[in-house]
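Dear colleague,

Please find below the structure that I am handing over to you. My findings follow directly after it.

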Amino acid sequence: MPGRRDYDDIPGTYVFDGRRSRRGYPLNTFLMTLNDAGNREAFRADEQAYLDRFPLDAEQREAVVERDWLRMLEVGGNVYYTYKLAACDGMTFQDLAGQQTGMAREAFAQMMLDGGRPIEGNRTTGPETG
Amino acid sequence: MARLVGGVGCSHVPAVGVAIDKGTTGDPYWAPYFTKVVPAREWMAEVDPDVCIVVYNDHASAFGLDVIPTFALGLADAFPPADEGYGPRPVPPVLGHPELAWHLAESLILDEFDLTLVNEMPVDHGLTVPLSVMFGQPEAWPCRVVPLLVNVVQYPPPTGHRCYRLGQAIARAVAAFEGDEKVVVFGTGGMSHQLQGQRAGLVNVEFDTAFLDGLVADPEAVARIPHVEYLREAGSEGIELVMWLVMRGALPTAVREVHRATHVPTSNTHNGLLVLEPR
């Protein structure tokens, strides 16, 4: 696969391309099983035993166990899949979004009420031209 | 022949569905948004379509990463609401229109749009939230629905241009359908939002406004927006806006803007609602 992409300079953004999808396949496959109520119950009852069913690598497994939502993206998770785990834990999508930013829950909610994260200063990690 | 009587662009924010399902639409947080929805609902009630073709994306509900169709069409008699990880929404089953769906399948594939055909699948908030926005909480949905899925989760989604052309092909197919159905096409998702990473919470009202203006007046130009611009300007999940181009492509060049409403925030999203009629 080609190396550098035209979106790689967008800050704080994990575009779910083939590089990430390939790495994250076992992780996302596990996460999707949480669509089933019985599976959610089994996972809650014994997380370790449930995770043993899937070939997650050590980093993926650790990210899941520690609920490190940003780390899950870094090791190939897709946010629509990680949300299933967040929902299993009783979180809203705003809780999940906020936790990835390191902001406190109330601060993130207030930022959204104030019109969201501004685009100015958030277009690129390089010099802003947009 | 069947008639395309309108197009709806509509965000599909899960929390909007939750607000409707739990009866909290009158709360201070939600009331300003739901007030803006009223004229669109009135339009829909007046148009009273027989079928809605709802262009949306699945969010790891019916499709995982094992098979990822770029475009897929639902052919079933009925589609149950999906359990997306927190139990299915308490909404009626979505009744399909297999005759129109099969006609679309044959027409679009022979028109060189290579759709994946789906006989069984649940439908998630991507499809059911726009129905709730436009129809409220009926005991049964007042029209048939043909689901048309677009992959926007696995990068890359189809280009905006491809989506626009697909919409044009849908218009040709509907016009050739031997029936007297009134058809409305939905394009769903967007507008600017980012749910992932440290940049989560991004909103870009300026981009969204230009997108809506262009979608109405100069869709060919909007269809040329490259993916990197959506990702950068509208957020990683804002790229869902390509699905609005399917809806726009299904309408003639000249349209009347019946209603436009935007609202920040609905959860993490700059919410958009747009109603267009052929002129």
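In this predicted model, contacts in chain B between residues at least 6 apart in sequence join, in 82% of cases, residues at least 24 apart. Of the 279 residues of chain B, 56% count as buried.

As to overall dimensions, the C-alpha trace of chain B spans about 45 × 40 × 40 Å along its principal axes. The radius of gyration of chain B is 17 Å, which agrees with the value near 19 Å that a compact globule of 279 residues would have. The secondary structure of chain B consists of 9 helices and 10 strands.

One helix pair was examined in detail. Helix α3 of chain B (residues 98–110) packs with helix α5 of chain B (residues 160–175) at an angle of about 125 degrees, and their axes are 9 Å apart. Angles of 65 to 115 degrees count as roughly perpendicular and those over 145 as roughly antiparallel; α3(B) and α5(B) are therefore oblique to each other. Their crossing is right-handed.

On the side of α3(B), the contact is made by B:His103, B:Leu104, B:Ser107 and B:Leu108; α5(B) contributes B:Ala169, B:Ile170 and B:Ala173.

Yours sincerely

Methods: Residues are numbered from 1 along each chain as its sequence is written. Chains are lettered from A and ligands numbered from 1 in the order in which they are written. This is a predicted model: local features need pLDDT of at least 70, side-chain atom pairs count only at pLDDT 80 or more; totals for chains, interfaces and linings use all residues. Axes are lines fitted to C-alpha atoms, for helices over the stretch in contact, and angles run from 0 to 180 degrees between N-to-C directions. Helices (H or I, at least four residues) and strands (E, at least two) are DSSP runs, numbered from the N terminus. Angles under 35 degrees count as roughly parallel, over 145 as roughly antiparallel, 65 to 115 as roughly perpendicular and the rest as oblique. A crossing is left-handed if the near helix is turned anticlockwise from the far one by less than a right angle, and right-handed if clockwise. Two residues are in contact if their C-beta atoms, placed from the backbone, lie within 7 Å. The radius of gyration is taken over C-alpha atoms; the globule rule is 2.2 Å times the number of residues to the power 0.38. A residue is buried if 20 or more other C-beta atoms lie within 10 Å of its own, exposed if 12 or fewer, and partly exposed in between; C-beta atoms are placed from the backbone.
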